[in-house]
Amino acid sequence: MQFAARYQDGLVAEVRAAECVLDLAADPVALVILDAASREVLDRWDASAAYLLHSRMIELRIANRKKPAGARLGVTGVADTRSALGLLPMLHTGQRKDL
Amino acid sequence: MAEASEAARVGRVEFTGSRHELFLILIRGYALMLPTIGLYRFWQATWKRRFYWQNTVIDGEPLEYTGTATQLLAGFFFALAFFLPIYIALFVLSMQESSLIVLGYLGVGLIIWFLMGYAIYRARDFRLSRTLWRGIRFDQRGSAWAFALRRFVWSILFVLSVGLIYPWMASSLWKYRWRNTWFGDRKLEIAGNWRIFAGPYFAVYGLNILTIGGTILWMTSTGDYRHAGTSLLPGPISILAWIGCVIILALSCCWYRTRSASRMLSTVSLGEAKLSVDIGAGPLFWQYVAYVVCLAMLLVLLLVTFGAVLGSVYAVAVAAGKAPGAVALLSLFQSSTLNVVLLIAAYLVVLGAFGMLAELILSYGWWRLLARSASIANPDSLNSIRSAPEDRSLIGQGLADALNVGAY
């Protein structure tokens, strides 16, 4: 299972179309972010450090505690949103605190 | 989302938020404001900003607000500590002789006016430093004290020149704000100057002096007025003329606001990327019309509710065998804790309803209008911008909350 997303590394203002897959063999389990066109690995996120940000209704915005503050994955569309929540179940509980 | 062209791609700006969504945020906010003695407003402000920011989509990527309510709350407490000596000074002043009171209040008024400039700048700094786009943070640099001083001196010149100096004042303050605004490691530029404001401003200034002055002149020369005690009331034709003046004033102000904002913002650039804004005056005018109509409807609703409550109380009084007179009715509203609580609650409901209406129609309307009329030429040139660290200062926004200045 994989999902499509818009990826920003939080270091430069470039948005890249990406495909995200889970590397279950890695320790800790990693979310591998691939360039959608070339399949080149753009980044690897510790899947357990991913959390949801506040976003508009039609979008999931995912950040990571172990990455730069602006690093994001933006997921839109019902199928991709379902896949993302399926791959990263901790997103259901890992919402950013409101305080 | 983005239109490709051979020369330079143009990135569109969209606004995807609905009034219904904002209404729910506001209703929840006002409902929680009462039990939290107003402290929930910092959470409400944060939710509102999240709503506006995340629904503003620039070239396919939404803005993100990362500020939190506790940051606003902490800033507010700082500001309270800052204002405590001023409030004590006001209290001591109120017990002095009258000439000293006038001078003292004038001095405090000037200090607060100066501080408002500081607060406006720091509030903008707070908002920008907690705004991300494409994962990169904005920032406001420059000195808030320098901005406050600049604004203060311009304000004095504005009063002395009967408002004629406004284009130079507006241009100076806009330039200071925008030339100290950064996106990541790149500084924004603004090429606009006083000429952009001068045309629309003097046109509006002259037109309104002509219409209002002409109406007064016509009224006095034709004698179309009558005396009511010590005041003058306009006659039937003068009333029509005054209504015309108000419509012209509203239309011309809308035209000035949209024209000056469109032209000034269209001179903002970030390296190779250029902002373009074209806001129509008509939609803004109709927003104000809708606001006035809704306000009138709300007032009628409140009056009807008040009448119904009064009627019920009167009926209860009659049923209890009390004399059905005004004195008896008034006596029901006296000396009761419940009545005081009800009065405060009614006051807060009225205040909240007016605030909500202004937010839903005017603030939301202006933001959506501005967003939907904007576009960015050559947005791909922004890809190389690098991030800068977050400014974590708090007190600036707190001062803005204490003085009730700043927008959104």
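**Core.** I began with the nonpolar cores of this predicted model. The largest one has 56 residues. I listed the members with the most contacts inside this core: I58(B), Y118(B), A119(B), Y121(B), I136(B) and F183(B). Nonpolar side chains tend to be buried together in soluble globular proteins.

I looked up the contacts of I58(B), leaving aside neighbours within four places in sequence. They are G11(B), V13(B), L63(B), W133(B) and I376(B). I also checked D59(B), which sits in the loop between β3 (56-58) and β4 (61-62) of chain B. Its phi is near 50°, a positive value in a residue other than glycine. Is D59(B) buried or exposed? I count D59(B) as buried, because 21 other C-beta atoms lie within 10 Å and the cut-off for burial is 20 or more.

**Chain B overall.** I noted 12 helices and 15 strands in chain B. The C-alpha trace spans about 85 × 60 × 50 Å along its principal axes. Of the 408 residues in chain B, 28% are buried. I took the contacts in chain B between residues at least 6 apart in sequence and found that 70% of them join residues at least 24 apart.

**α4(B) against α5(B).** I returned to α4(B) for its packing. Helix α5 of chain B, residues 144-160, packs on α4(B) at an angle of about 135°, and the axes are 8 Å apart. The two helices are therefore oblique to each other. I recorded the crossing of α4(B) and α5(B) as right-handed. On the α4(B) side the contact is made by W113(B), F114(B), G117(B), Y118(B), Y121(B), R122(B) and D125(B). On the α5(B) side I listed A144(B), W145(B), F147(B), A148(B), R151(B), F152(B) and S155(B).

**L399(B).** What does L399(B) touch beyond its neighbours within four places in sequence? I found A79(B), F82(B), L115(B), Y118(B), A119(B) and R122(B). L399(B) belongs to helix α12 of chain B, residues 395-403. L399(B) and Y118(B) are 281 residues apart in sequence, but C-alpha to C-alpha they are 8.3 Å apart in space. I count L399(B) as buried, because it has 28 other C-beta atoms within 10 Å.

**Five-stranded sheet.** I traced an open sheet of five strands in chain B, in the order β5-β6-β7-β8-β9, with antiparallel pairing. Its edge strands are β5 (64-65) and β9 (186-187), each of which pairs on one side only. Inside the sheet I checked β7 (residues 136-140) and β8 (residues 181-183) of chain B, which pair in the antiparallel sense over three bridges. F138(B) stands opposite F183(B) in β8(B). I also noted that α4(B) lies across β6 (131-133), β7 and β8 of chain B and runs at about 170° to β7(B).

**Hairpin.** I next looked at β11 (residues 225-228) and β12 (residues 231-234) of chain B, an antiparallel pair with four bridges. R226(B) stands opposite L233(B) in β12(B). Two residues lie between the strands of this hairpin, and G229(B) takes a positive phi near 70°.

**α2(B) against α3(B).** Helix α2 (residues 41-54) and helix α3 (residues 69-93) of chain B pack with their axes 8 Å apart, at an angle of about 135°. That angle makes α2(B) oblique to α3(B). I recorded a right-handed crossing for α2(B) and α3(B). The contact uses F42(B), W43(B), A45(B) and T46(B) of α2(B) with A69(B), L72(B), L73(B) and F76(B) of α3(B).

**Backbone exceptions.** Most residues other than glycine have a negative phi, and most peptide bonds are trans. I37(B) is not glycine and has a positive phi near 40°. I placed I37(B) in the loop between α1 (19-33) and α2 of chain B. I37(B) counts as exposed, because it has 7 C-beta neighbours inside 10 Å. In chain A I found a cis peptide bond between D27(A) and P28(A), with omega about 0°. P28(A) is in the loop between β2 (16-23) and β3 (30-35) of chain A.

Conventions
Residues numbered from 1 in each chain as written. Chains lettered and ligands numbered in written order. Predicted model: local features only at pLDDT ≥ 70, side-chain atom pairs only at ≥ 80, totals over all residues. Core = buried A, V, L, I, M, F, W, Y, C linked by C-beta atoms within 7 Å. Buried ≥ 20, exposed ≤ 12 C-beta atoms within 10 Å, placed from the backbone. Contact = placed C-beta atoms within 7 Å. Pairing = 2+ DSSP bridges. Axes fitted to C-alpha atoms, helices over the stretch in contact; angles between N-to-C directions. Parallel < 35°, antiparallel > 145°, perpendicular 65-115°, else oblique. Left-handed = near helix turned anticlockwise from the far one by under 90°.
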